[in-house]
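I opened my notebook to look at how two chains meet, and then to follow a single residue. The entries below are in the order in which I looked things up.

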Amino acid sequence: MSSTIATDSVPTKPDEAEGWHSGLGWLLNPRLALGLLIIAVMGIGSFVLPIFCPIDPSIQATYLKNMPPSWEHLLGTNALGQDIFWFLVFAIRNSLMLGILVGVGVTIIATAIGLSAGYVGGNYERVVMLVVDTFITIPLLPILIILGGIIRGNNSFLMVGVIITFFGWAFGARTIRSMALTLREREFINMARFSGASTFDILRREIFPYVTAYILVAFINTVLFAINTEATLAVIGLSKVEVPTLGSIIFWALNYNALFNGNYVWIVAPIIATVTLFLGLFLSSTGFNAAFANKRGVL
Amino acid sequence: MGVLQYVAKRLGQYFAVLFVGLTITFLIPRLLPTNPIDGYIGQIQARANGALSGNDIALLRANLEELYGLKGDVLTQYLSFLKRVIFQFDFGPSFTYYPQPVSQIVFTALPYTIGLLMVSTLIAWFLGNVVGLVAGYFHTKRAASILEVVGIMLYPIPYYILAVTVILVLSYLIPIFPLAPSFPVGQMTLQKAGMIIYNSLLPAITLILAGFGWNILSMKALAVATTEEPYVTYSRLKGATNWTRMTGYVFRNAMLPQVTALALSLGTVFSGALLTEMLFSYPGIGLILRTAASSADYNVLYGAITISIIAVATAGLVIDLIYPLLDPRIRHR
């Protein structure tokens with residue numbers, strides 16, 4: 001969530017950006033390339049492979065328990081008689097889907113609230129910022145636990161996404177508002193206002209294009225945040241743990257003492273998958289940030 | 001004058017955050033379709049194999065509503081909720097450990113969470129910033145980018161993965177630490193204190209690793225930018241040594257945004273600590289939250305969540321009140 005603080009102030013290195021004026025070439029830097037490659041492999045893999053899956057991996061007792069890795073079961077089977085490889089593939093797909101859904105929702109809400117608060121100002125801004133600061137300060141996990149505890153049993157996987165969206169928009173809204181705040185004082189905004197453009201038109205046509213670069217970075221960070229939050233809830237058993245996600249796979253492994261029984265693959269495989277996926281997302285977000293900073297330096 | 005204004009503004013914000021936070025806590029259960037009392041009655045009914053008659057249930061419901069402050073219209077409930085929380089910190093008795101009051105359960109656990117969190121956050125902040133400072137100050141050297149890679153590798157890893165990995169490595173592969181931590185209760189002795197510290201090391205390592213990466217990355221970016229400032233160049237021309245410039249000029253300036261960032265990220269850090277406690281069975285607020293959530297003990301849940309909000313808001317306030325001591329510009333405005 002807060003990675004933007006870390007990367008915003010990275011100064012541009014003009015020598016890197018030289019000669020990349022044409023097309024989308026300016027976007028490429030090693031960090032971004034590696035990040036996008038990881039996301040592409042894991043994304044395409046997890047969305048395409050399930051077509052070839054012989055049986056729904058969330059059904060228990062399909063195979064013999066605790067089988068070692070073999071050609072038939074690439075990562076072996078777990079203590080519930082599920083194929084670990086297929087469970088993991090479905091987990092990555094479900095986590096990514098949830099992350100993207102929450103990312104879209106959060107980005108829309110954060111952009112709308114942040115832009116309007118920064119541009120409109122006045123009492124509206126004060127009230128909005130108070131709510132935003134409160135949402136940032138309040139520790140999210142206890143609230144999610146209380147919600148998870150109350151609606152457990154009759155919540156769907158989608159509901160988890162809705163809850164994360166509801167509590168996840170504040171940080172983005174804060175950053176976008178501060179960007180809109182500096183833009184408000186710029187000449188071309190006054191120009192547009194004097195030409196008779198409405199507030200909505202100014203927000204949409206003049207300010208929005210300036211924050212799109214940031215919005216893309218914020219979107220990726222939100223995907224990371226959403227996957228992480230759902231997985232956190234799942235690990236402590238408060239999400240929909242029957243649905244394979246990167247968190248629920250660890251929940252089952254911990255609950256059935258995978259380590260104690262020596263089934264290391266069950267717990268190590270999701271750890272490696274999660275770290276790789278998160279690294280890919282993080283590298284893409286900082287890579288985009290660096291690329292946009294470079295571009296601003298060049299133009 | 002500047003400081004007074006700053007403090008007054010910050011205090012106002014503190015109370016506003018507390019107020020909104022408590023209001024959210026109050027509203028959540030009342031906006032949801034299910035109601036804790038229904039759940040509780042359901043539990044009792046299940047235990048009694050459905051022997052309760054409709055009349056009994058109505059009596060029980062009235063009783064529980066009175067006990068848990070759910071009587072009257074929403075406004076009356078809200079006022080009595082604020083009164084009980086702010087002036088008495090009274091959340092009624094625990095369902096599971098009836099009639100032990102919630103405040104007692106929560107206050108026993110609170111020192112554990114605060115101790116663990118304070119020590120690990122301070123260490124993570126200090127270590128991360130030192131490494132980030134060195135990486136940023138010498139950013140033209142190749143070795144510095146290796147330090148940054150450490151940050152990049154660590155930062156995106158979520159708490160639960162770190163926790164599970166630390167257990168896997170330090171309890172199974174190299175069994176230095178116990179699998180099932182034990183925390184002695186009762187009168188504190190030197191030996192017991194030693195046991196508590198020994199058993200707290202694993203969760204502490206997890207929290208330090210989690211905070212470490214972000215601090216490296218953030219500090220590195222700040223240090224790179226600060227190193228290019230004219231006053232650093234001036235100090236170099238004056239003949240200040242590398243060490244003086246790095247600590248007295250670059251760190252002194254770059255640490256200020258880091259302090260602010262620490263105050264802002266406290267909510268996330270606290271959530272991470274709660275999760276870590278759950279995974280390590282560390283007897284803090286996090287473990288209480290988990291057991292309360294799995295046994296549907298709503299009073300304890302509300303007590304723990306309220307103390308979380310108060311603790312995080314207060315810690316943020318303390319950091320922000322220390323800030324003028326670090327930043328002379330606020331003192332002399």
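**Notes on the contact between the chains**

I began with polar contacts, and between chain A and chain B I found 3 residue pairs in polar contact, with both residues of a pair at pLDDT 80 or more. I keep in mind that this is a predicted model.

Next I looked up which parts of chain A face the partner: α1 (3–8), α5 (122–137), α6 (140–151), α10 (199–235), α11 (246–255) and α12 (264–298) of chain A each give at least two residues to the side that touches chain B. Sorting that side of chain A by class, I noted 38 nonpolar, 10 polar and 4 charged residues.

I then turned to salt bridges, where the count between chain A and chain B is 1. The side chains of Arg31(A) and Glu148(B) meet in a salt bridge, with 3.3 Å from N to O.

For the extent of the contact, I wrote down 52 residues from chain A and 53 residues from chain B. Interface size is often given as the accessible area that is lost when the parts come together. Here chain A and chain B bury about 4700 Å² between them, and 80% of this lies on carbon and sulfur atoms.

**Notes on one residue**

Is Thr121(B) buried or exposed? Thr121(B) counts as buried because its relative accessibility is 18%, and the cut-off for buried is under 20%. I located Thr121(B) in helix α5 of chain B, which covers residues 102–137. Leaving aside residues up to four places away in sequence, I found that Thr121(B) touches Leu262(B) and Val269(B).

Terms used: Residues are numbered from 1 along each chain as its sequence is written. Chains are lettered from A and ligands numbered from 1 in the order in which they are written. This is a predicted model: local features need pLDDT of at least 70, side-chain atom pairs count only at pLDDT 80 or more; totals for chains, interfaces and linings use all residues. Side-chain values use heavy atoms; hydrogens and water are left out. Contact means heavy atoms within 4.5 Å. Buried area is the accessible area (1.4 Å probe) that two parts lose on being put together, summed over both. A salt bridge is a side-chain nitrogen of Lys or Arg within 4 Å of a carboxyl oxygen of Asp or Glu. A polar contact is a pair of N or O atoms within 3.5 Å; within protein, one must be able to donate a hydrogen and the other to accept it, and residues adjacent in sequence count only if both atoms are side-chain atoms. Helices (H or I, at least four residues) and strands (E, at least two) are DSSP runs, numbered from the N terminus. Ala, Val, Leu, Ile, Met, Phe, Trp, Tyr, Cys and Pro count as nonpolar, Asp, Glu, Lys and Arg as charged, and the others, Gly among them, as polar. Buried means under 20% relative accessible area, exposed over 50%, partly exposed in between (1.4 Å probe, protein chains only).
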